[in-house]
Amino acid sequence: MEVSMLDQTQLVEAQTPEEGFAGTVEAARLAEQLGFRRFWVSEHHSSDTIAGSSPEILAAHLLAATKTIRVGTGGVMLTHYAPYKVAENFRVMSALAPGRVDLGVGKAPGGTHLPTIALQGGRALTDAKPRNKERFSEMVDELIEYLEDHLPESHPMSGYLKASPAVSQKPLPWILGTGPSSARLAAERGLPYAFARFINSEREEMRETIRLYRESFRPSAFSEEPYALVASRVFAADTDDEAAWIARSAAHVQFGFHRGLQGRLPDPSKALTEIVTEKEIQEVRDIYATYMIGSKETLSRQMDELSTYGADEIMAITPVFSPESKENSMAVLKKAAQR
């Protein structure tokens, strides 16, 4: 199974954004060195804990810092932006790094309603047809039209407008999602599909979503065959116990998030120290159940299971406190995939 990484530049305690982004650059270089297939970055707004608010800029920087690995977005929250501008941003990246650019788009807001209003210049309050989930498929179609240099005759600027620059190798669009509607959209447009298991960890829903995608797929200029990756939080180490230990930081942050709190990744020794009631302990167990955790052997078994769900690739999200733990986790994951 192919392995890749989604890095959200999730900050640890006392870390500056500058330090966080430097860590993301180093992770991309290591992913390339280890032979990862791709390295994506995410979009989050108005956050003190996740620094990545502009994935296009960060992806361009990572392309310049690497040589061979595919780099992209997981994803651009398309409903905030004009598809024309998104197409041009990624065409520029494709001119700078031909054949290495992935354009993952999603319909989540990447934050609360306030950033949504600000990103859309107040249009979210006044548009007769708001840029919400119902418009996502229309915006995907418009994006594809610009990427393919083919505006339909019904478009008022057909024959006059092109997305520039003209590039020899166009960016590869992906659809991101967590359920049937996004899977169906990816299949009907002939695009690769990324299932966010870190958001929806229900196994049967994941199985049925990927099955629907594969059965409904229609070949396109972008992809002749269906291709699905699963993005999951992954914590790998030399032993299962060590992997569970480094996952404590992420579990701590998620436990707080469930209570409306934004927190940075703490040292594992300081994480979850106030969890005392049976209800809280069970909640932490449930959080851990959404992760892929373990040694090389344990992760290999989990990846074998993912392949039975129809996944071609695993994309790891590894928010840990220690850079050394992250580097080792990436190395162990790659070894697990090669067994």
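This is a predicted model: local features need pLDDT of at least 70, side-chain atom pairs count only at pLDDT 80 or more; totals for chains, interfaces and linings use all residues.

Student: What is a pocket, and how much space lies in the largest pocket?

Tutor: On a 1 Å grid over the protein atoms alone, where a 1.4 Å probe fits, a pocket is an open set of points with protein on both sides within 12 Å along at least five of seven lines; lining residues have an atom within 4 Å of a point. Grid points are joined across faces, edges and corners, and the volume is the space filled by probe spheres set on the points. Here the largest pocket holds about 1,300 Å³. It is lined by 50 residues, and Gln8, His44, Phe198, Ile199 and Phe257 are the closest to its centre.

Student: Which element gives the most to the lining of the largest pocket?

Tutor: Elements are DSSP runs numbered from the N terminus: helices (H or I, at least four residues) and strands (E, at least two). Helix α10 gives the most to this lining, with four residues.

Student: Which residues lie nearest the centre of the second largest pocket?

Tutor: Asp7, Gly23, Thr24, Pro323 and Lys326 do, out of 26 lining residues. The volume of this second pocket is about 460 Å³. Helix α1 supplies the largest share of its lining, seven residues.

Student: Is Asp7 buried or exposed?

Tutor: Buried means under 20% relative accessible area, exposed over 50%, and partly exposed in between (1.4 Å probe, protein chains only). Asp7 has 5% relative accessibility, so it counts as buried. Asp7 belongs to strand β1. Contact means heavy atoms within 4.5 Å. Beyond its neighbours within four places in sequence, Asp7 is in contact with several residues, including Thr24, Trp40 and Lys326. The side chain of Asp7 also reaches the backbone nitrogen of Thr9 at 2.8 Å.

Student: Why is α10 described as largely enclosed?

Tutor: Seven of the ten residues of α10 are buried, so the rest of the structure largely encloses this helix. Among them are Ser249, Val253 and Phe255. The buried residues of α10 pack against β7, α9 and α11.

Student: How is a pair of aromatic rings described?

Tutor: By the distance of the centres and the angle of the planes. Rings of Phe, Tyr and Trp (its six-membered ring) pair if their centres lie within 6.5 Å; planes under 30 degrees apart count as stacked, over 60 as edge-to-face and the rest as tilted. The whole structure has seven aromatic pairs. One of them is the tilted pair of Phe235 and Tyr291, at 4.9 Å centre to centre with 50° between the planes. This pair links distant parts of the chain, 56 residues apart: Phe235 is in strand β7, and Tyr291 is in the loop between α11 and β8. Phe235 counts as buried because its relative accessibility is 0%, and Tyr291 is buried at 5%. Tyr291 also forms a tilted pair with Tyr288, at 5.8 Å centre to centre and 45° between the planes.

Student: What should I look for in the backbone?

Tutor: Most residues other than glycine have a negative phi, and most peptide bonds are trans. In this model a cis peptide bond joins Gly74 and Gly75, with omega about 0°. Gly75 is in strand β3. Another cis peptide bond joins Ser164 and Pro165.

Student: Where is Ser46 found?

Tutor: Ser46 is in the loop between β2 and α2. Ser46 has a positive phi of about 55° although it is not a glycine, and its relative accessible area of 64% makes it exposed. Leu272 has a positive phi too, near 60°, but Leu272 counts as buried at 11% relative accessibility.

Conventions:
Residues are numbered from 1 along each chain as its sequence is written. Side-chain values use heavy atoms; hydrogens and water are left out. A polar contact is a pair of N or O atoms within 3.5 Å; within protein, one must be able to donate a hydrogen and the other to accept it, and residues adjacent in sequence count only if both atoms are side-chain atoms.
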